[in-house]
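Dear colleague,

Please find the structure below, handed over for your review. A short account of the findings follows it.

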Amino acid sequence: MTGPAPARHRLHPLSPLLHSAKSLAVIVAAISWQGYARLGTGRWLAVVAGLLVMAVVGSVVSWYTTGYRIVGRELRIDEGVLWRRSRAIPLERLQSVEVRRPALAQLAGLAELRLEVAGGAKTEAPLAYLALAEAHRLRDDLLTHTGGGAAAAAPPVPAPPLYVVRDRDLVVAQLLTPELWAAPVAATFVVYQAVSRPDWSLIALASTATALLAVIAQPVRRTLRHWRFQLGRGPAGLSVAHGLVDHRQQIVPTDRVQSVRVVWPLLWRGHGWLRLHLDVAGYAPGEGGAETAVDTLLPVGTNDVARYLLPVVLPGARIDLTAARVPPPRAAWLAPLARPYLAVEVGDTVVAVGGGVLTRRLTLVSRPRIQSVRVTAGPVQRLLGLATVHVDTAAGSVAAVHRDEAEAWWLAAVLSTPRPAPPAAPAQPPGGRPGAPPA
Amino acid sequence: MAAVQLVRLWAPTLVALAALSLLALLGPSALEAAAGTAAVVLLIAAGYRTAVTFRAVRAWGYAERDRDLLVRHGLLVRRLSIVPYGRIQFVDVTAGPLERAFDLATVTLHTASAASDARIPGLEPAEARRLRDRLAALGADRAAGL
C-alpha cells in the first residue's frame, strides 16, 4: 500500500441530535409516572432538561471522536472518548449490508448502516447516521470490495425492481394468521368474564386487554415491517427493501445464501400463497429476531412468483419436485400423516427436503454449502429399517426423516461429496430485463 | 476411555447416594421413604449405565476415508457424522484433568455449521496429534469454504 491512508470520514452532523432524541425517550421512560408524581411538573422538567443536556453533550463528543474509512481490504471504525477503540472489519467476511431508516431518520433524510460479518456472534454496532446518498455509496463501496471486482467508476444505474409485493396482499395475508383468528375467541372470553363476574377488577381487565393487544401486535408489526416489499438485483447481490415506519434495505450477496425455505401456511391455502425465507451464513436462526436477519425473501406471493424468484437467489432451485422420493410405507408407523409429504429430491446444485402436514414446508439447500452430513437412527427406526439424514449448513440443519436405510446411505454419500461452488453470476443481467414478473 | 466414563458416572452418583442416605437416616421420617426409594433407583440406574458403558465406548469409531472423515457413536440412537476434509475449519485436541489422568485426549472437528458434532474422545495423545495434523493439512488442501 503506497500513499497516505485515506482520510477519516465523520458521521453526519445531525447524528447527535437523533441520538439525543432517542435518549430523551429513554430518560422519560426511566423517570416514569411515579417519578413525575413525586417531583411535580417544575422539577420534573428540570431533571429531564438536565439529563437531556448531558445526553446531548455526550452524543456530540462521541460524534466528534468517531470516524470511519476503508483501508485496503478493511473497514476501520475508530470511536470512543476515554477508551479509544478501532474496529477493523475485513471486507471479505461481510455477509450483508443494510441501510436502515427509522422513523426519525426518514424525517431528517438520514440513514444508518448495519453490517453483518460471517462468524460474528452478534451484529456489529451500526454506523449511525449518514446522509442517505452517502450511505448508499458506502454500502456499494463495501460490497464491491467484497466481490473483489473493480469499484464502479460511475454511480450504479438503479435497476428496475425484480418484484414488488402488493400491500393489499400483505394485509390480507396477515389477517389470515392464527393470531388474528384467536383474538376474537379470547375477546369473547374476556367479555364473558367481565360480564358474568362483577368482582373482576379493572386491573385484571386491563392486563387481559394488554395481553390481547400483544397477540394482535405480531401480525400488525409484520405488516408494518414488510410494507412496500421490493426485491431488486443490485450490483453486488440481491437487494431487499421494505418497511413503513422503519425502512430497511439490505443487500445480500447471493453467494452467501445457504438455503431457502418455502412455507405454505394452512390459512393461505385458499389464495394459494406462500412465504419465502432466506438462510444466510452469519445469522443464527431466530437470533436478534426482527432486528438483524434478512430473514424474509417474500412475505406473501403465489407459486408463480416463487418460481420466478428462486432461480435468482439459488440457481437450480425449483418448488415443483419432479423426481422426489418419499419414505417407504413402513415409515407410517412413525409419521402416519406426514409420510406423503416428506419428499426429498437431490438435484445438481440444490437438495430439496419437504415436510409438514397442515403447514407444508420445503427447504432448498444449496449443495456447495453443505458442511457435513449426519445419519441417525433411533431404536424404533432401526427396527423398521429406517434412518434420518441431517444436512448441516452454516445457517442451520435440515433433516430428511424416516428414509429407507439404503436410501439414507445413498443420500449421505451423495450429499457429502463436496461440490464446487457455482461460478459467480454476472453482476448485471446481460441485457434488458430478466423477464417480466407475473402480474 | 471406559474408565473415564465410569469415573464421570460414579463420582456424582456416589455423592448423591451419600447425600440421600444421610437424609434417609437423619432426616424426618416423612422423607425417609422418599430418600430411600430415590437412593435405590439411583443405584439401579448407575449399575445399568455401568454395564452399558463398556458397549457404548466400543461403539465410538472413526474412519479416515479418501475425502472425508466418518465418526460414529451411540447405542440406542446410532449416529454417524460425515465431514468432508475440505469443510473442516479447525481441529481441537482437548484433554480435561480426568482424561489426562488416564492419558487420553479428545479430538473435535469444527466446520462452519454449528450442528456438526464430530468428536472423537478417548484417543491416545500421539494418535490425537497425528489425526489433528493430518486433518488440518487435508482441510487446507481441499478448502472450498463458504
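Between chain A and chain B there are 10 residue pairs in polar contact, with both residues at pLDDT 80 or more. Please bear in mind that this is a predicted model.

**The interface between the chains**

Strand 17 (372-377), helix 8 (379-384), strand 18 (386-393), strand 19 (396-404) and helix 9 (405-415) of chain A each contribute at least two residues to the side of chain A that touches chain B. Of these elements, strand 17 of chain A gives the most, with six residues. Sorted by class, this side of chain A comprises 11 nonpolar, nine polar and seven charged residues.

In total, 27 residues of chain A are in contact with 20 residues of chain B. The two chains bury about 1900 Å² between them, and carbon and sulfur atoms account for 52% of that area. Three residues, A:Gln371, A:Arg374 and A:Arg382, supply 28% of the area that chain A buries against chain B, more than any other three residues. Although polar contacts are present, the count of salt bridges between chain A and chain B is zero.

**Helix packing in chain B**

Helix 1 (residues 2-26) and helix 2 (residues 29-58) of chain B have axes that come within 9 Å and cross at roughly 175°. Since an angle over 145 degrees counts as roughly antiparallel, helix 1 of chain B and helix 2 of chain B are therefore roughly antiparallel to each other. Their contact involves 18 nonpolar, six polar and two charged residues.

**Helix packing in chain A**

In chain A, helix 5 (residues 178-196) packs with helix 6 (residues 202-225) at an angle of about 170°, and their axes are 10 Å apart. This angle makes helix 5 of chain A roughly antiparallel to helix 6 of chain A. The residues that meet include A:Leu180, A:Ala183 and A:Val190 from helix 5 of chain A, and A:Leu205, A:Leu212 and A:Ile216 from helix 6 of chain A. By class, the residues of this contact divide into 11 nonpolar, two polar and two charged.

**Backbone details in chain A**

Two points of backbone geometry deserve a note. Most residues other than glycine have a negative phi, and most peptide bonds are trans. The peptide bond from A:Ala128 to A:Tyr129, however, is cis, with omega near -5°; A:Tyr129 lies in strand 6 (residues 127-131) of chain A. A:Arg228, which is not a glycine, has a positive phi of about 55°. A:Arg228 is located in the loop between helix 6 and strand 8 (230-234) of chain A.

Yours sincerely

Terms used: Residues numbered from 1 in each chain as written. Chains lettered and ligands numbered in written order. Predicted model: local features only at pLDDT ≥ 70, side-chain atom pairs only at ≥ 80, totals over all residues. Heavy atoms only, no water. Axes fitted to C-alpha atoms, helices over the stretch in contact; angles between N-to-C directions. Helix = DSSP H or I, 4+ residues; strand = E, 2+ residues; numbered from the N terminus. Parallel < 35°, antiparallel > 145°, perpendicular 65-115°, else oblique. Nonpolar A, V, L, I, M, F, W, Y, C, P; charged D, E, K, R; others polar. Contact = heavy atoms within 4.5 Å. Buried area = accessible area lost by both parts, 1.4 Å probe. Salt bridge = Lys/Arg side-chain N within 4 Å of Asp/Glu carboxyl O. Polar contact = N/O pair within 3.5 Å; in protein donor to acceptor, adjacent residues only side chain to side chain.
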